[in-house]
Amino acid sequence: MTEAAGLADVLASRLGALWGTAVDVTGLRQLSGGASRESWDIQVRTAGGTGRRLILLRAAAGRAPEKDIAVEAAAMSAARAAGVPAPELHDFGNGALGRDYLLMERLDGETIPRRLLRDDAYAAVRPRLARRLGEVLARIHQVDPGKIPGLPQVDALGQLTGLYQGFAEPRPALEIGLRWLAEHNPPPVADTLVHGDFRTGNLMVGADGLHGVLDWELTHRGDPRQDLGWLCTKAWRFGSASPAGGFGTRADLMAGYAAGGGTPPDEETQRWWELYGTVRWALLCRRQAERYLADAEPSIEHAVLGRRVCEQEFDILLALGHAAPQVVPDPLDDGVRPSVRPHDLPNGPELLRAVREFLAAEVGITDPRLRFHALVAANALRIAEREALLGAEHERRHQARLAVLGCADDEALCAAIREGTLDHRFGDIAATVREMIVDKLTVANPGHLACPA
């Protein structure tokens, strides 16, 4: 029996017990995306002939749960009762389906950011979304966190510092960001329920407006301003010039937040939380890559996320005025691939290109999930090609830059940033870190260098 067939049988039995009627699973399809757990689209029909659409979110096989699924379920249900458009939850737990899971109604609409931000189908609703999202966040933040058993309390900056220290990996740009955050930490406000991942990509939108707030996995008790900053973090604008999730202005977002009963932060506090979001996403990308590196999870998506950390590092420098957008040619565009004797042609880089083009053009044409992962794999090969061409020269230049500062390695540079021992040469430090990040992005994603703050 296939995994899908076995899951369909278990679902039919569980839903029959919940609803008190025979249930037939008429469709079951695993969806693409989702870096932390599986997502399944389910179609069912009851004995009375009623058809329904459901979504199953389920922990990946062999992976220990990181969160209490009951907390996520309780937060979703409490938010829905408060008027937040969260999906109706039918079931949750870890016994019936063998792993932690949430079973909920399937909402109609679109979540893919590039479609929401560019397609004509959503042109009419886009100008209204920033204000609407502010109203919804205000409703979330009015939910009493004390009524959600087990809701974890999170010290936002302490959590980031702990994540960074846990990697024991020197990253000068993150040191700059973390130091700035520590030195400019705004005064605290009363804790609320925090969604934790309120952003474009986790919002279900239709042509008529917002249909749902999804993915409550990171919900916690903490500072409500985290959600406002996270929505406006550069990564979640997906190339749009509009800061509020790519949809609209901060002013519209804050107007909606105030109309919904929230207290908008001042401009400097909002800036702090947006930079916090950039540092946080850098560390979350690194954590996902660690699942591939240390935990041996065979995920091409997790592997490639590790090479996105430098995007956030550059954005930290942009936000703090230590860098400016620039155009850097993609080294793969010149087509020059020197041969290495005595090896035959095609040479190594040309073979990488052949595999990349095959993945991008041929694999998964009729299977959306396979197609998604084939495109991620093709991008991984582009990174490998660029590194093969430029890696040795980048290493030489980086060591020369460190030597000018009197630092033996990245660890010594990080210590100088953290301890302030080279503050009298901070301009030189910023230039060194900027040039290092430009080299990393020239390999990982040269187009990101041209994106404005």
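This is a predicted model: local features need pLDDT of at least 70, side-chain atom pairs count only at pLDDT 80 or more; totals for chains, interfaces and linings use all residues.
Helix axes here are lines fitted to C-alpha atoms over the stretch in contact, and the angles between them follow N-to-C directions, running from 0 to 180 degrees.

Helix α6 covers residues 172–183, and its axis lies 9 Å from that of α11, at an angle of about 45°. As for handedness, the crossing of α6 and α11 is left-handed. Who does the touching? On the α6 side you'll find Ala173, Leu174, Ile176 and Gly177, and facing them from α11 are Glu313, Ile316 and Leu317. Sort the residues of this contact by class and you get five nonpolar, one polar and one charged.

Now turn to α9, residues 267–293, which also packs on α11, itself spanning residues 309–319. Here the axes sit 8 Å apart and the angle is about 160°, so α9 and α11 run roughly antiparallel to each other. The α9–α11 crossing is left-handed.

Which residues build this one? From α9 come Arg271, Leu275, Thr278, Val279, Trp281, Ala282, Cys285 and Arg286, and they meet Val309, Gln312, Asp315, Ile316 and Ala319 of α11. The class tally for α9 with α11 is eight nonpolar, two polar and three charged residues.

Key
Residues are numbered from 1 along each chain as its sequence is written. Side-chain values use heavy atoms; hydrogens and water are left out. Helices (H or I, at least four residues) and strands (E, at least two) are DSSP runs, numbered from the N terminus. Angles under 35 degrees count as roughly parallel, over 145 as roughly antiparallel, 65 to 115 as roughly perpendicular and the rest as oblique. A crossing is left-handed if the near helix is turned anticlockwise from the far one by less than a right angle, and right-handed if clockwise. Contact means heavy atoms within 4.5 Å. Ala, Val, Leu, Ile, Met, Phe, Trp, Tyr, Cys and Pro count as nonpolar, Asp, Glu, Lys and Arg as charged, and the others, Gly among them, as polar.
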